[in-house]
Amino acid sequence: MTEPNNLDTLLKENRTFEPSAAFIAQATVTDESVYQSASEDPQAYWAQQASYLSWSKPFSTILEWDPPHAKWFSDGVLNVAYNTVDRHRENGRKNKAAIIWEGEPGDSKILTYDMLGREVDKAAHMLIHLGVKKGDRVVIYLPMIPELPISMLACAKIGAIHTVVFGGFSASSLKDRIIDADARLLITADAGFRRGGIVPLKQNVDQAIIDTPIEKVVVVQRVGADAHSTMIDGRDLLWHKLIETMPKTPFAPEPMHAEDTLFILYTSGTTGKPKGIVHSSAGYLVGANTSMRTVFDIKDDDVFWCTADIGWITGHTYLVYGPLSAGATVVMYEGAPDAPDRHRFWNIIEKYGVSIFYTAPTSIRTFMKWGHDIPQSHDLSTLRLMGTVGEPINPEAWMWYHEHIGHGRCPIVDTWWQTETGCAMIAPLPGLIKTKPGSATKAVPGIAVDVVDDNGTPVTPGHGGNLVITKPWPSMLRTVWGDDERFRKTYFGQFSGMYFPGDGAHLDEEKYIWILGRIDDVMNVSGHRIGTMEVESALVDHPAVAEAAVIGRAHDVKGQAITAFVTVRDGVKTSPELMTELKNHVVVKIGAMARPEEILFTAELPKTRSAKIMRRLLRDIAEGRALGDTTTLADPSVVDSLKLQYQDKE
């Protein structure tokens with residue numbers, strides 16, 4: 001792989017930050033020997049971490065590894081909902097706040113572990129009443145409201161498999177996921193709020209479920225009359241009316257074998273079809289729970305806020321399953337950071353005394369643009385630890401976060417991981433590891449990470465290559481739903497016996513890892529992974545478009561912005577109106593997060609003699625870099641023409 005041009009700047013970063021004596025004094029992990037012991041005997045390490053959960057039948061087998069398939073704790077039995085809610089009701093946390101929910105319009109609700117448990121039990125009874133059985137798939141398409149984690153936990157309690165679809169996805173994207181999961185029940189809301197506007201979730205559902213297996217739709221009333229949603233007799237049911245009729249008695253958790261599927265979560269790939277990532281019950285929960293204790297140093301009096309939407313893996317792991325399995329208090333926020341104004345996040349931290357704050361570099365760069373005077377007008381003294389997630393963070397944003405949000409006293413855990421890995425894989429343990437702005441530092445204990453060249457040979461310090469994980473870990477994906485061959489090829493097809501996440505990395509002289517971003521055709525836009533093929537397919541779906549090529553261009557705030565190069569059909573006239581129409585068409589087909597930032601109309605696209613589009617050259621053109629080798633192009637003059645067009649546009 002080729003390292004990006006900004007690598008020299010990145011690796012000249014020589015500032016380091018040791019954890020403070022005050023933080024070390026209370027940190028959960030302070031003994032560096034944990035790295036060595038976990039490396040020497042990872043199975044013993046993970047068995048010890050698994051002992052923090054409650055098992056209805058203890059495991060005797062730790063790992064069965066038949067590459068690329070792993071089974072962890074396979075003869076053990078537990079229930080994830082019991083471990084995240086019920087056991088805390090029994091061990092003295094009954095009246096402790098589990099979820100502190102803040103709605104965008106300003107409404108709020110606090111659910112204690114006992115209150116959450118009762119709501120989950122009623123929802124579990126409801127699912128059974130609607131005919132859902134162990135192993136059935138339930139699609140959840142909800143805004144960030146308490147009914148979302150309640151629905152997930154109810155599925156876990158009865159042994160159903162949930163697949164949460166981000167509320168920003170379009171009807172078309174929702175439909176694809178329903179069909180792939182073969183789901184018969186869908187839980188949604190009449191609508192949701194976003195920056196004062198209304199997101200028409202139920203209207204999207206009505207379009208999406210045509211010609212799908214969905215038989216019943218349960219609808220939470222969130223917005224009311226302004227949602228302009230309709231209910232179909234015999235198919236659509238109101239959540240609150242159903243819940244009112246359910247038994248108030250506890251629901252006995254379904255005993256689940258460790259390898260039973262907990263959820264499917266769809267993620268973008270290099271082909272147009274999203275991949276249904278399958279996570280197991282025990283292994284996933286062990287990973288999520290372990291990282292809460294080790295990476296996030298969770299304490300019983302912490303208030304933990306992960307700002308991610310639950311529609312993404314970060315929200316699954318660090319808003320629902322991780323913190324709740326650790327008995328923590330977690331903040332859940334429905335809206336955007338600038339609604340009703342740019343003080344929103346800092347108001348929430350101040351209001352609830354948030355002590356651990358976990359957000360994306362995209363958000364941090366936005367806060368920087370807004371100015372440090374906004375957070376400085378708030379009391380953020382309750383913060384003691386901060387994290388970043390979703391993409392590599394540039395050193396300038398890291399330093400701003402450190403100085404203006406953490407006021408120099410809070411360690412920052414920059415975490416690298418994916419939907420597929422289940423939990424944080426590379427991150428500093430905050431009581432042990434000195435941090436470097438821009439580096440995720442080292443693999444957490446129990447995780448075996450390396451950087452290899454294109455032949456699979458480990459690089460020496462000071463060099464870059466492909467990030468790989470060389471040994472199985474409990475929270476790894478088990479397969480791609482319905483397509484195990486795709487699982488094998490996508491993740492284990494590049495390097496024999498090693499998991500390849502598709503990211504490049506550089507190993508510095510101290511063996512710190514610097515994540516360089518995607519090396520395949522997946523873009524990272526504001527933390528959302530979007531396949532180039534998905535956007536290209538959406539554009540070509542428009543009757544005016546003959547061909548399209550999409551790249552992720554470097555963007556100061558979003559990390560990457562989507563640039564589309566479009567060739568129109570004969571007889572079609574290009575115009576600003578067509579450009580707007582195409583952008584909106586992508587939104588309809590995929591969702592707002594996939595809207596191209598810019599579209600450039602071109603007569604031809606640069607292709608090799610074998611007709612492969614040279615996206616590398618398009619990326620160089622869009623980012624103003626010197627062009628590399630163009631000798632393989634069928635028509636090198638196409639590049640010169642495109643370059644002139646792009647310069648004229650600017």
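Q: What angle do H4 and H11 make where they pack, and what separation do their axes have?
A: H4 and H11 pack at an angle of about 85°, and their axes are 9 Å apart; axes are lines fitted to C-alpha atoms, for helices over the stretch in contact, and angles run from 0 to 180 degrees between N-to-C directions. Because angles of 65 to 115 degrees count as roughly perpendicular (under 35 is roughly parallel, over 145 roughly antiparallel, the rest oblique), H4 and H11 are roughly perpendicular to each other. The model is a predicted one, in which local features need pLDDT of at least 70 and side-chain atom pairs pLDDT 80 or more, while totals for chains, interfaces and linings use all residues. Residues are numbered from 1 along each chain, and side-chain values use heavy atoms, without hydrogens or water.

Q: Which residues make the contact between H4 and H11?
A: From H4 come Tyr45, Trp46, Gln49 and Ala50, and from H11 come Val286, Thr290, Arg293 and Thr294, contact meaning heavy atoms within 4.5 Å. By class, these residues are four nonpolar, three polar and one charged (Ala, Val, Leu, Ile, Met, Phe, Trp, Tyr, Cys and Pro are nonpolar, Asp, Glu, Lys and Arg charged, the others, Gly among them, polar).

Q: Which elements give two or more residues to the lining of the largest cavity?
A: The lining includes Tyr45, Trp46, Thr290, Thr294, Cys423 and Pro445, and the elements that give two or more residues are helix H4 (42-50) and helix H11 (282-294).

Q: What volume does the second largest pocket have, and which residues lie nearest its centre?
A: The second largest pocket has a volume of about 620 Å³, and of its 28 lining residues Tyr35, Ser39, Ala443, Val444 and Ile447 lie nearest the centre. Helix H3 (33-40), H4 and strand S21 (449-452) each give two or more residues to this lining, which has 19 nonpolar, three polar and six charged residues.

Q: Which residues of helix H8 are buried?
A: In H8 (residues 171-181) the buried residues are Ala171, Ser173, Leu174, Arg177, Ile178, Asp180 and Ala181, and they pack against elements including strand S6 (137-141), strand S14 (261-267) and helix H19 (576-589). Buried means under 20% relative accessible area, exposed over 50%, partly exposed in between (1.4 Å probe, protein chains only). H8 is followed by Asp182, whose phi is positive, near 55°.

Q: Is Pro337 buried or exposed?
A: Pro337 has a relative accessible area of 17% and is therefore buried; this residue is found in the loop between strand S17 (329-333) and helix H13 (344-352), helices (H or I, at least four residues) and strands (E, at least two) being DSSP runs numbered from the N terminus. Beyond its neighbours within four places in sequence, Pro337 is in contact with Arg195, Arg342, Arg344, Phe345, Phe367 and Trp370.

Note on methods
1 Å grid on protein atoms, 1.4 Å probe; cavity = no way out; pocket = protein on both sides within 12 Å on 5 of 7 lines; lining within 4 Å. Points joined across faces, edges and corners; volume = space filled by probe spheres on them.
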